[in-house]
Amino acid sequence: KEKKKGGYYYLQAKLRDDFTSGQSRYLMIYKNGSNVIQNRTYNYTTTKHYTHVSGVLNLSAGDTINIYCAHTDSGARPIDGSNELETSLMGYKLNT
């Protein structure tokens, strides 16, 4: 069984959405329920585009990581999660 280890990790998230053009999108990485990294994209003229966010976090064993998306479009909008090429979260430990 692999032992959990703390340290610095590079994290990257992306999502593909189908929002109306001219709207803001926010992609956020949460650590233990708090927003710690965020990126905003705005004013695309087409639908079906990607939003990316990345950064380095100091993580401890037992920390939880989640991604969330918010937008300024009216109503609910779909996020394309049909495979790992569309919407994903990845990370790796940095040697320190």
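Is lysine 31 buried, partly exposed or exposed, and what is its relative accessible area? In this predicted model, lysine 31 counts as partly exposed, with a relative accessible area of 21%; since the cut-off for a buried residue is under 20%, the label follows from the value.

**Overall architecture**

The protein contains 7 strands and 0 helices, so that, read from the N terminus, the order of its elements is β-β-β-β-β-β-β. Of its 96 residues, 26% count as buried, and the protein exposes about 6100 Å², of which carbon and sulfur atoms supply 46%. When contacts between residues at least 6 apart in sequence are considered, 71% of them join residues at least 24 apart.

**Pairing of strand 1**

Strand 1, which spans residues 7-17, pairs with strand 4 in the antiparallel sense over 11 bridges, and strand 4 itself covers residues 49-59. Within the protein, aspartate 17 stands opposite histidine 49, a residue of strand 4. Strand 1 also pairs with strand 7, again in the antiparallel sense, over 6 bridges; strand 7 comprises residues 88-93, and its serine 88 is the bridge partner of lysine 14.

**The salt bridge**

Side chains of opposite charge can pair when their charged atoms come close. A search of the whole structure finds 1 salt bridge, formed by aspartate 63 and lysine 31, whose closest N and O atoms are 4.0 Å apart. Because aspartate 63 lies in the loop between strand 4 and strand 5 (65-71), whereas lysine 31 lies in strand 2 (residues 25-31), the pair ties together parts that are 32 residues apart in sequence.

**Aromatic pairs**

The structure holds 2 aromatic pairs, and their geometry is set out below.

| Pair | Distance between ring centres | Angle between planes | Class |
|---|---|---|---|
| Tyrosine 10 and tyrosine 92 | 5.3 Å | 35° | tilted |
| Tyrosine 30 and tyrosine 68 | 4.7 Å | 70° | edge-to-face |

The pair of tyrosine 10 and tyrosine 92 is tilted because its planes stand at 35°, a value that falls between the limits of 30 degrees for stacked and 60 degrees for edge-to-face rings. Tyrosine 10 belongs to strand 1 and tyrosine 92 to strand 7, so this pair ties together parts that are 82 residues apart in sequence. Tyrosine 92 is partly exposed, with a relative accessible area of 43%.

In the pair of tyrosine 30 and tyrosine 68, the planes meet at 70° and the arrangement is therefore edge-to-face. Here strand 2 supplies tyrosine 30 and strand 5 supplies tyrosine 68, so the pair ties together parts that are 38 residues apart in sequence. Tyrosine 68 is partly exposed, its relative accessible area being 42%.

**Surroundings of tyrosine 30**

Which residues does tyrosine 30 contact, leaving aside its neighbours within four places in sequence? They are Asn35, Val36, Thr64, Ile65, Asn66 and Tyr68. Of these contacts, asparagine 66 is 36 residues away from tyrosine 30 in sequence, yet their C-alpha atoms are 5.1 Å apart in space.

How values were computed:
Residues numbered from 1 in each chain as written. Predicted model: local features only at pLDDT ≥ 70, side-chain atom pairs only at ≥ 80, totals over all residues. Heavy atoms only, no water. Helix = DSSP H or I, 4+ residues; strand = E, 2+ residues; numbered from the N terminus. Buried < 20%, exposed > 50% of the residue type's maximum accessible area, 1.4 Å probe, protein only. Contact = heavy atoms within 4.5 Å. Areas by Shrake-Rupley, 256 points an atom, 1.4 Å probe, with all protein chains shown as cover. Salt bridge = Lys/Arg side-chain N within 4 Å of Asp/Glu carboxyl O. Phe/Tyr/Trp six-rings, centres within 6.5 Å; stacked < 30°, edge-to-face > 60°. Pairing = 2+ DSSP bridges.
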